[in-house]
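Could you take me around this model in the viewer, one selection at a time? Please tell me what to click on next and what I will find there.

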Amino acid sequence: MLFVHDAKSWKEDIVAGLSAKVTEHTELTVVKIDDLKEFIGQVYDAAETAPGNTTSRSTDNGTAGTA
């Protein structure tokens, strides 16, 4: 399992809660990132302005809701 979590809100008791539910041998990696929400926003912004990017999350191309 891989968890990516905000460093300030991570609590070790999350692991204890998982151990009560997971019955098979499982490896867990926890990546704790300071200010995760802001970091994710920066990643999306960088992706939008990357060379060769042809999509934008702020523009509706009229295909929303179509199959």
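## A short tour

This is a predicted model. Across the protein, the mean pLDDT is 84, and 79% of the residues reach 70 or more. Colour by confidence to begin. Among the helices and strands, helix 1 has the lowest confidence, with a mean of 88, while strand 2 has the highest, at 96. A word of caution while you look around: where pLDDT is low, the predicted coordinates should not be read in detail.

**Stop 1: the salt bridge.** Select Lys 8 and Asp 35 and show their side chains. Searching the whole structure turns up one salt bridge. Here Lys 8 pairs with Asp 35, and their closest N and O atoms are 3.6 Å apart. The pair links distant parts of the chain, 27 residues apart: Lys 8 belongs to the loop between strand 1 (2-6) and helix 1, and Asp 35 to the loop between strand 2 and helix 2 (36-48). Lys 8 counts as exposed because its relative accessibility is 65%, over the 50% cut-off. Asp 35, at 37%, counts as partly exposed.

**Stop 2: into helix 2.** Move on to Lys 37, which is found in helix 2. Is Lys 37 buried or exposed? With a relative accessible area of 71%, Lys 37 is exposed. Lys 37 and His 5 are 32 residues apart along the chain, and their C-alpha atoms are separated by 9.6 Å.

**Stop 3: the aromatic rings.** Next, select Phe 3 and Trp 10. A search of the whole structure finds one aromatic pair. The ring centres of Phe 3 and Trp 10 lie 6.4 Å apart and the planes meet at 65 degrees, so the pair is edge-to-face. Phe 3, at 22% relative accessibility, counts as partly exposed.

**Stop 4: a nonpolar patch.** Finish by selecting Met 1, Val 15, Val 22 and Leu 28 with the surface on. These residues form a nonpolar patch on the surface, and together they have about 280 Å² of accessible area. Zoom in on Leu 28, which lies in the loop between helix 1 (13-21) and strand 2 (29-33). Leu 28 is partly exposed, with a relative accessible area of 33%.

How values were computed:
Residues numbered from 1 in each chain as written. Predicted model: local features only at pLDDT ≥ 70, side-chain atom pairs only at ≥ 80, totals over all residues. Heavy atoms only, no water. Patch = residues over 30% accessible without salt bridge, like charges linked within 9 Å, V, L, I, M, F, W, Y side chains within 5 Å. Areas by Shrake-Rupley, 256 points an atom, 1.4 Å probe, with all protein chains shown as cover. Salt bridge = Lys/Arg side-chain N within 4 Å of Asp/Glu carboxyl O. Helix = DSSP H or I, 4+ residues; strand = E, 2+ residues; numbered from the N terminus. Buried < 20%, exposed > 50% of the residue type's maximum accessible area, 1.4 Å probe, protein only. Phe/Tyr/Trp six-rings, centres within 6.5 Å; stacked < 30°, edge-to-face > 60°. pLDDT = per-residue confidence, 0-100.
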